[in-house]
Amino acid sequence: MIVLGIETSCDETAAAVVNGRTILSNLVYSQVAEHGPYGGVVPEIAARSHVHHLDTLIKDAMQEANVGFNQIDGVAATAGPGLIGGLMVGLTMGKAIALVHNLPFVAANHLQAHALSARLTHGTRFPYLLLLASGGHCQFLVVNGVSNYRRLGTTLDDAPGEAFDKVARMLGLGYPGGPAIEEQAQWGDPKRYQLPRPLKGRKGCDFSFSGLKTAVANIVAKHGEDKDLLSDLCASFQEAIADVFVDRLDNARALINQPQSTPIDSLVLAGGVGANKCIRSRLSKRAAQLNLNFIVPPANLCTDNAAMVAWVGYESISLGLVDGMQAPARARWPLDPEPHVHLERIDNG
Ligand code: KG4
Ligand code: ZN
């Protein structure tokens, strides 16, 4: 089954074609240069840029895949969560292609696309433990099926990618912050600064990153523009995030330890922050100690892309799950039906 995927939820315009687990094409136009001067994504600029680039990108993705619209079996476009203007661009385009060519259409959830990407790249079987860490989200989930998620914990404030981006901005490293901080960190001493590890040692597997960001801001205020400190600060910050992930993983592992009909034996890391080598390696080591197979898609499939969206289309259509032309764009769209369960757990603990 050949599926076209379209992704426009944030600042990447992306189109891809998959044939089952084979990626025939996977094109991403990054708007980084357009948003760079503002230090973050400007929704209006993003929406206009999607309009400008999407049709050419789809044409190129189809050409690279060497397929015509009469050879594809379905279309999937990200419908949320994300920036509403951009979502409407991709969703409308996806619906139009499906309508004109009489193809099944899937309105994909962006978080679901990250969550299922390990099944595209590694064929991972349900159920598995997922750490989804991106620019807008941070969650531990049990993935039981294509549309069946149980959230174990989430962030109480910022997402880790957001923290990377804000810290990079403070340090004058530009946007997006994750790759820039990782680059600087390779020459730095991760023990130079004792940064906080928010919620470490606490019950549950929720996250908090805003205190860490403030701690970096205080150091920057004290030391000003001292360039010698940059690498050490980046390394210390990255190390603090990795430490938090490892601590929270221990608790997530304990939460899923209860007897289940099918035991969970894999940890999947997904989302843009999953591209970070230090974080990948720390989680990989800890997962092995906890008897979990560690699975992480290649970096270009951790950050936003349309192959993962096409894959949601493939999985959904295979199960007969398709959407009508009335499917709405949704700025907010949590994966699990109980979004506030974690807050009660933290208050009691
Ligand atoms: O998944 P993604 O591409 O978009 C969202 O759905 O949010 O994630 C983007 C986030 C950005 O905040 C970016 O700074 C972060 O992922 N990121 C990284 C790295 N590459 C991207 N963070 C840390 N290390 C990286 N190498
Ligand atoms: Zn994403």
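Patches, in this report, are made of residues with over 30% relative accessible area and no salt bridge, like charges being joined within 9 Å and nonpolar side chains (Val, Leu, Ile, Met, Phe, Trp, Tyr) within 5 Å. A salt bridge is a side-chain nitrogen of Lys or Arg within 4 Å of a carboxyl oxygen of Asp or Glu. Accessible areas come from the Shrake-Rupley method with a 1.4 Å probe, and for residues only the protein chains shown count as cover.

The model is predicted: local features need pLDDT of at least 70, side-chain atom pairs count only at pLDDT 80 or more, and totals for chains, interfaces and linings use all residues. Residues are numbered from 1 along each chain as its sequence is written, chains are lettered from A and ligands numbered from 1 in the order in which they are written, and side-chain values use heavy atoms, with hydrogens and water left out.

On the surface, Leu-99, Val-100 and Met-325 make up a nonpolar patch whose accessible area together is about 310 Å². Leu-99 belongs to helix 3 (residues 84–100); helices (H or I, at least four residues) and strands (E, at least two) are DSSP runs, numbered from the N terminus.

The zinc ion (ligand 2) is coordinated at 2.0 to 2.1 Å by His-110 (NE2), His-114 (NE2) and Asp-304 (OD). Donors are N, O and S atoms within 2.8 Å of the metal (3.2 Å for Na, K and Ca); water is not among the atoms, so sites may look incomplete. The spacing of these donor residues in sequence is H-x3-H-x189-D. His-114 is in helix 4 (residues 110–122) and Asp-304 in the loop between helix 10 (299–302) and helix 11 (307–318), so the pair ties together parts that are 190 residues apart in sequence.

Buried means under 20% relative accessible area, exposed over 50%, and partly exposed in between (1.4 Å probe, protein chains only).

| Residue | Relative accessible area | Class |
|---|---|---|
| Leu-99 | 58% | exposed |
| His-114 | 1% | buried |
| Asp-304 | 15% | buried |

An open sheet of 5 strands has the order 3-2-1-4-5 with mixed pairing; two strands pair if DSSP finds at least two bridges between them. Its edge strands, strand 3 (22–30) and strand 5 (105–109), each pair on one side only. Strand 1 (residues 2–7) and strand 2 (residues 12–19) are antiparallel over 6 bridges, and Leu-4 stands opposite Val-17 in strand 2.
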